[in-house]
Amino acid sequence: MVSVTRAVFGDLPSGAGTVEKFQLQSDLLKVDIISWGCTITALEVKDRQGRASDVVLGFAELEGYLQKQPYFGAVVGRVANRIAKGTFTVDGKEYKLAVNNGPNSLHGGVRGFDKVVWTPQVLSNGVQFSRISPDGEEGYPGELKVWVTYTLDGGELMVNYRAQASQTTPVNLTNHSYFNLAGQEHNMALLNFFTRILEKVEALLAQFYPEGKAILGAPGWLSRLSIWLLTPAQGSPNIYDHEVTIEADAFLPVDETLIPTGEVAPVQGTAFDLRKPVELGKHLQEFRIHGFDHNFCLKGSKDKHFCARVHHAGSGRVLEVYTTQPGVQFYTGNFLDGTLKGKSGAVYPKHSGFCLETQSWPDAVNQPHFPPVLLRPGEEYDHTTWFKFSVA
């Protein structure tokens with residue numbers, strides 16, 4: 001049995017509209033999704049003791065999602081991932097896109113699908129969002145009708161993406177959730193207790209040692225230090241203790257701007273061989289790499305196939321991903337830097353979350369030997385990804 005509730009999440013500036021939140025709840029999962037970018041803002045999963053905790057990075061308020069932030073939980077498009085130099089050619093005509101990631105176009109451009117309000121429709125076990133991307137939006141050709149549907153079944157969240165085009169256009173849609181299976185288990189009462197004590201200590205220091213102000217610096221330094229020390233990124237400040245498996249025999253090497261070189265390289269004997277479980281922190285250390293931000297070439301067909309499995313031994317939580325897509329971008333939060341304040345005051349430093357972005361291969365519109373991404377009039381783009389949660 002799945003319940004679906006609807007509430008206001010916040011109002012956009014200058015009367016630009018209202019963003020709604022939809023909460024899907026089963027006996028195993030609770031998922032919050034907002035109409036701004038079809039964004040997953042919270043996902044509560046039980047651990048082996050039956051305690052539920054939020055396993056996605058994000059914000060408690062709408063304002064967090066309106067600031068510059070790394071696509072937390074959002075659906076990205078019209079084309080997810082990177083397009084080299086923001087250009088491609090279809091039927092002899094060159095198109096120039098908005099460039100927003102070095103020399104390249106990333107996740108649909110400056111104002112992609114993650115930065116618009118979608119039209120919601122409540123379903124018996126989920127919610128469907130729709131919008132029409134107008135001809136020329138961010139430089140893409142043709143009008144594109146898009147539907148994104150989230151449905152819940154026990155411990156499984158299914159995301160279906162459909163699209164229809166009036167002109168031939170590349171399409172590649174995915175969800176950009178950052179997961180940390182340790183869960184966001186802050187003891188805010190303890191944090192507040194220590195903060196109050198340290199504020200009193202700071203006041204006493206200022207009273208009896210006023211000459212020390214030059215050394216101590218600005219007021220509030222001690223309490224701010226306590227927040228920095230006592231507030232974890234999630235239940236765990238990083239994902240190093242997560243055990244990762246990806247069902248891929250090949251991956252795509254990239255250049256210095258993270259565009260695929262065109263080579264489809266075997267994972268055998270490399271840091272990218274994740275066909276058997278590896279503990280992420282030890283694996284990064286062993287191969288002396290700073291993290292992953294690469295497409296893994298999946299072995300499955302266009303039917304539902306296994307993609308990846310992540311296990312967090314401390315909590316027992318397991319995430320299995322299945323998809324109809326030919327690839328998955330495994331990203332380990334390499335560009336997170338701790339400057340964003342998330343839910344319950346959490347901060348998100350480097351490697352505090354991971355993404356498994358099921359999708360077509362990056363820059364496929366410019367690489368003829370990659371699986372095709374062009375959608376033509378009369379065709380329908382139709383892909384599904386399943387996120388299955390359990391404990392072990």
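**Pockets and cavities in close-up**

**View 1. The second largest pocket holds about 420 Å³.** Its lining has 18 residues, and the closest to the centre are K302, S360, P372, Y381 and H383. Two elements each give two or more residues to this lining: β26 (374-375) and β27 (381-391). β27 gives the most, with three residues. By class, the lining divides into eight nonpolar, six polar and four charged residues.

This is a predicted model, in which local features need pLDDT of at least 70, side-chain atom pairs count only at pLDDT 80 or more, and totals for chains, interfaces and linings use all residues. Residues are numbered from 1 along each chain as its sequence is written, and side-chain values use heavy atoms, with hydrogens and water left out.

Terms used in these views:
- A pocket is an open set of points on a 1 Å grid over the protein atoms alone, with protein on both sides within 12 Å along at least five of seven lines.
- A cavity is a set of such grid points where a 1.4 Å probe fits but cannot get out.
- Lining residues have an atom within 4 Å of a point.
- Points are joined across faces, edges and corners, and a volume is the space filled by probe spheres set on them.
- Ala, Val, Leu, Ile, Met, Phe, Trp, Tyr, Cys and Pro count as nonpolar; Asp, Glu, Lys and Arg count as charged; the others, Gly among them, count as polar.
- Helices (H or I, at least four residues) and strands (E, at least two) are DSSP runs, numbered from the N terminus.

**View 2. The largest pocket holds about 720 Å³.** Of its 31 lining residues, K68, Q69, P70, Y71 and L106 are the closest to the centre. α1 (62-66) and β24 (327-331) each supply at least two residues of the lining. The class count is 13 nonpolar, 11 polar and seven charged.

**View 3. The largest cavity contains about 50 Å³ of space.** A search of the whole structure finds three cavities of 30 Å³ or more. Around the largest one lie V79, A80, I83, P170, V171, N172, W361, P362, D363, A364, V365 and V373. This lining has 10 nonpolar residues, one polar and one charged.

**View 4. The second largest cavity contains about 40 Å³ of space.** Its lining is made up of G77, R78, G108, R111, G112, F113, S133, E137, E138 and Y140. By class, two of these residues are nonpolar, four are polar and four are charged.
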